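I opened this entry to record what I looked up. My notes follow the order in which I went through the model.

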Protein chains: 2
Amino acid sequence: MAIDKTRLTEIVKSAGKSLTKQRCVIIETLAANKLPMSAYELRDQIKITEQNLNISTVYRVLDFWISLGLIHKIESANRFMVCSDEHQHQFHVIQHCTRCENVVESCELASQTKMQLSHEFRALENQVIEIKGICLECEANTST
Amino acid sequence: MAIDKTRLTEIVKSAGKSLTKQRCVIIETLAANKLPMSAYELRDQIKITEQNLNISTVYRVLDFWISLGLIHKIESANRFMVCSDEHQHQFHVIQHCTRCENVVESCELASQTKMQLSHEFRALENQVIEIKGICLECEANTST
DNA sequence: ATTAAAATGCAATATTATTGCATTGAGCAC
DNA sequence: GTGCTCAATGCAATAATATTGCATTTTAAT
């Protein structure tokens with residue numbers, strides 16, 4: 001799953017920011033990885049083929065993309081993933097398989113969740129709601 | 001909000017475990033605190049009035065109560081809170097105010113959320129779903 | 001009281017994240 | 001292009017969170 005650089009440029013420019021090579025390599029590396037990655041894994045992976053990044057740069061760039069809604073942090077795993085939701089939902093609901101560690105984003109669930117939030121609370125925009133479980137593939141592979 | 005020690009004893013015994021003084025003081029201290037606490041805060045608070053606990057003990061005791069469903073971990077804050085849900089929902093939905101840091105558990109939301117989970121995924125039991133926002137009290141105090 | 005298993009203590013270490021300040025780089029005016 | 005300004009990054013120390021292996025103590029069953 002590659003990232004559309006033209007689209008990235010548009011998004012970044014319209015936010016009044018610059019698309020630096022550190023910002024590019026981080027989101028591209030994350031997009032190329034099947035599983036979510038930690039900040040340190042990301043740094044180590046980029047070191048192999050590209051360049052050295054200080055860990056503080058990695059965290060700052062991750063925060064940058066998170067603030068633009070293009071990267072999600074999976075809090076329960078301290079891992080990061082590229083947002084796969086083109087629909088700009090207020091909520092991003094992800095299903096996190098605790099066996100294979102794979103994570104998928106569900107737009108349908110996000111829409112439903114958004115509808116039913118209590119009126120007693122002003123929910124923030126662009127947040128990630130994490131549901132843990134076992135994906136169907138892992139369930140099928142279970143030898144019980 | 002104090003903890004009913006008789007109820008605790010029942011729950012622990014029926015799980016085939018023992019209610020040690022470390023396990024007691026940790027859940028009681030957490031219950032007495034208005035806000036969720038980190039493991040280190042818990043240790044420091046207990047040190048003042050009670051006893052020294054090694055940080056590994058704190059984490060192990062927290063895991064113990066979490067496995068019994070009596071304590072929740074708030075992953076996005078690395079904090080712990082006593083479960084306030086008497087209804088034994090599969091999901092515990094908490095609303096976390098990012099201004100005052102207060103956290104409330106919503107049984108109603110938990111019920112609704114449980115109903116609508118995708119059939120493509122076997123969700124684990126006893127998990128905490130975190131919604132961030134601003135509580136009504138903080139919203140009222142906002143001077144904009 | 002004896003004993004086996006469970007729980008805790010200890011202290012080293014791993015993992016995750018932030019900070020303040022120096023240096024570099026990007027975009028803009030000229 | 002040159003110089004300017006502010007944003008972005010590098011650096012390296014440190015903070016915050018969490019885990020581990022093994023020794024010791026406690027629990028509860030006999």
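The entries below go from the basis of the model to its parts.

**Basis.** I am working with a predicted model, in which local features need pLDDT of at least 70, side-chain atom pairs count only at pLDDT 80 or more, and totals for chains, interfaces and linings use all residues. Residues are numbered from 1 along each chain as its sequence is written, while chains are lettered from A and ligands numbered from 1 in the order in which they are written.

**DNA strand D.** Two or more residues each come from α2 (21-32) and α4 (55-67) of chain A and from α3 (39-49) and α4 (55-67) of chain B. Helices here are DSSP runs of H or I with at least four residues, strands are runs of E with at least two, and both are numbered from the N terminus. I note that α4(A) gives the most, with four residues. By class the surface near DNA strand D has six nonpolar, 12 polar and three charged residues. Ala, Val, Leu, Ile, Met, Phe, Trp, Tyr, Cys and Pro count as nonpolar, Asp, Glu, Lys and Arg as charged, and the others, Gly among them, as polar.

**Two helices of chain A.** I checked α2(A) against helix α3 (residues 39-49) of chain A: they pack at about 100°, with axes 10 Å apart. Axes are lines fitted to C-alpha atoms, for helices over the stretch in contact, and angles run from 0 to 180 degrees between N-to-C directions. That makes α2(A) roughly perpendicular to α3(A), a label for angles of 65 to 115 degrees. V25(A), I26(A), T29(A) and L30(A) of α2(A) meet L42(A), Q45(A) and I46(A) of α3(A). Residues are in contact if their C-beta atoms, placed from the backbone, lie within 7 Å. This contact has five nonpolar, two polar and no charged residues.

I74(A) has R79(A) as its bridge partner. Four residues lie between the strands of this hairpin, and N78(A) in the turn has a positive phi of about 50°.

Which strands form the open sheet, and in what order? I read four, in the order β4(A)-β3(A)-β6(A)-β5(B), with mixed pairing. β4 (103-106) of chain A and β5 (121-123) of chain B are at the edges with a single partner strand each, so one side of each has no neighbour in the sheet. The twist averages 45° from one strand to the next. Three bridges join β6 (127-135) of chain A to β5(B), which run antiparallel, and I134(A) is bridged to R122(B). I also found three bridges between β5(A) and β6 (127-135) of chain B, again antiparallel, with R122(A) bridged to I134(B). Helix α5 (107-115) of chain A lies across β3 (91-97), β4 and β6 of chain A, at about 130° to β3(A).

**Chain contact.** 24 residues of chain A touch 24 of chain B. On the chain A side, β6(A) gives the most, with seven residues.

Technical notes:
Pairing = 2+ DSSP bridges. Contact = placed C-beta atoms within 7 Å. Parallel < 35°, antiparallel > 145°, perpendicular 65-115°, else oblique.
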